[in-house]
Amino acid sequence: MPNLLARKPLKTLMEEAGETGEHSLKRTLGVVQLTALGVGAVIGAGIFVMAGLGAHYAGPGLMLSFVLSGLGCAFAALCYAEFAAMIPLAGSAYTYAYATLGEIFAWIIGWDLTLEYAMGASTVSSGWSNHFIELLDIFNIKMPLWLAYDHWTGLRTAQGVIARQMAQASDGSLMPGTQAFLEKVSAITAAGSPELMQRAHELLNAPQIFGVEIGFNLPAFLIALVITAILAIGIKESAQFNSLIVVIKVAVVLFVIGLGASYIHKGNWGSDWSTFAPFGFSGIGAGAAYIFFAYIGFDAVSTTAQEAKNPQRDLPIGIIASLVICTVLYIAVAAVLTGMVPWRDVNIEAPIARAFLDVGLTGASHVITVGALAGLTSVMLVMLLGQTRVLYSMAKDGLLPTKVFAEIHPKFRTPWKNTILVGLLAAVVGSLTPIDDIGKMVNIGTLLAFVIVCIAVMVLRRTDPAQPRPFRTPWVPFVPIMGILFNGYMMYKLGWLNWARLIIWLAIGLVVYFTYGQKHSKVQAALARDGK
């Protein structure tokens, strides 16, 4: 019988971390590039969107909501930093679980990370497409809906366009983007009248194959392929491209903060606690729960451990610095938004862009579109990068086919077959499926990884206290316990449907493990040789 709780010895892990040559990953990343990867993974379009609904929960106290969410992530980030410095391998949470909790838990978290990274990249490619279409609209270039979205999303988008037209026709006093307008649009969409459906299909104007309408998100497909090609060419080139994109999007965020600051009315922040936080601490907490997912992504830095020049020093700095930078930018954006617009009037769909349009700054809203595009481009790059490195580590351990997932290109020094396969999967899923529901699964998968890493830090402190730790998580067990409680609470708040999806996904993964991974595991083979 295999030992499902077999742990990979730390000695073996450290030997793998020291491998060099053409069959190993190339160490080229410095602390600036690692920090840029973290910022690239975290700041997407969410900073320009999530603040809207968050403001309706927290009021001007949205600034504290971002502090609270950032604090919750900081607990997990400190735990990641200890492991990343101690075990500088590409597998991230998968490798940490293998060293502390055993093979079955390592497999579960590796399979779970596929949900975070590969499906996350597919979700982001679809979101990138939406902003690319907005950019084309600025230049009055129109794409057919059936070629801009998958079929289901295209039809839903067409229904939304027609429902908006019907809402405005029924009541000219409704202002687009307000809560009352959105409720009217939702009511019309939910009714699904024959007129709405007929006009939506006419607007979609999709071609048919064997009498069935088709849709294909061409921008999402193409951007996933472009990012895949960049990743296959080399980690240095990928990091340079990411750094350029990060400079663009941070510049856009700073532009929003700098320009918006001159339109702030301090009275909008309130004059006392009751007006600053109209719903009290519970409102700030609710806002934090909603905007928490704007922070997800910093953990992807740890997947590049085998490509960092000095991982013991630079990885903790990259993880923590990227989180601090993003938190400061988020708080500043929240301050500008709630200072420019009374919180009750904040637009939910496009809060920052609408705030600038309302003061006559049309060009600024176009800059925000460019910033969102840049943001999503780097998020996609880091998600795909993280996925390929986790699969590479799993294949090196024998849990996945080595020839496919662990083969390194002799010139580019990247896991090229793995990269192409993952990129094609992300491109196809992002272009053909309504990815929104999968996007919700990404969040619960990420939170599970955070919880397991926090547990693993405490386990290894007890089982191997003498192991050298270049970076030590402070205040153990307080920090990891807070990470478990905070991220576990966020998992609970995601509801039973997302739990059911996660359990089904993990069940599929266990089938793969018992039919392939367990039989080819190098750790299991070593135990068998030693007669254990």
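**Exercise 1.** Work out which residues of helix α10 (residues 194–204) are buried and how they sit around the helix.

*Solution.* Start with the burial list: Leu196, Ala200 and Leu204 are the buried ones in α10. Here buried means under 20% relative accessible area and exposed over 50%, with a 1.4 Å probe and protein chains only. Helices are DSSP runs of H or I, at least four residues, and strands are E runs of at least two, numbered from the N terminus. Next, look down the axis: the buried residues of α10 fall within an arc of 60°, so they line one face. That arc is taken from the directions from the helix axis to the C-beta atoms. Finally, check the cover over the buried residues, which includes α7, α8, α9 and β2; contact means heavy atoms within 4.5 Å.

A quick note on the ground rules: this is a predicted model, where local features need pLDDT of at least 70 and side-chain atom pairs pLDDT 80 or more, while totals for chains, interfaces and linings use all residues. Residues are numbered from 1 along each chain as its sequence is written, and side-chain values use heavy atoms, without hydrogens and water.

**Exercise 2.** Find which residues touch the most other members of the largest nonpolar core.

*Solution.* A nonpolar core is a set of buried Ala, Val, Leu, Ile, Met, Phe, Trp, Tyr and Cys residues joined through side-chain atoms within 4.5 Å.
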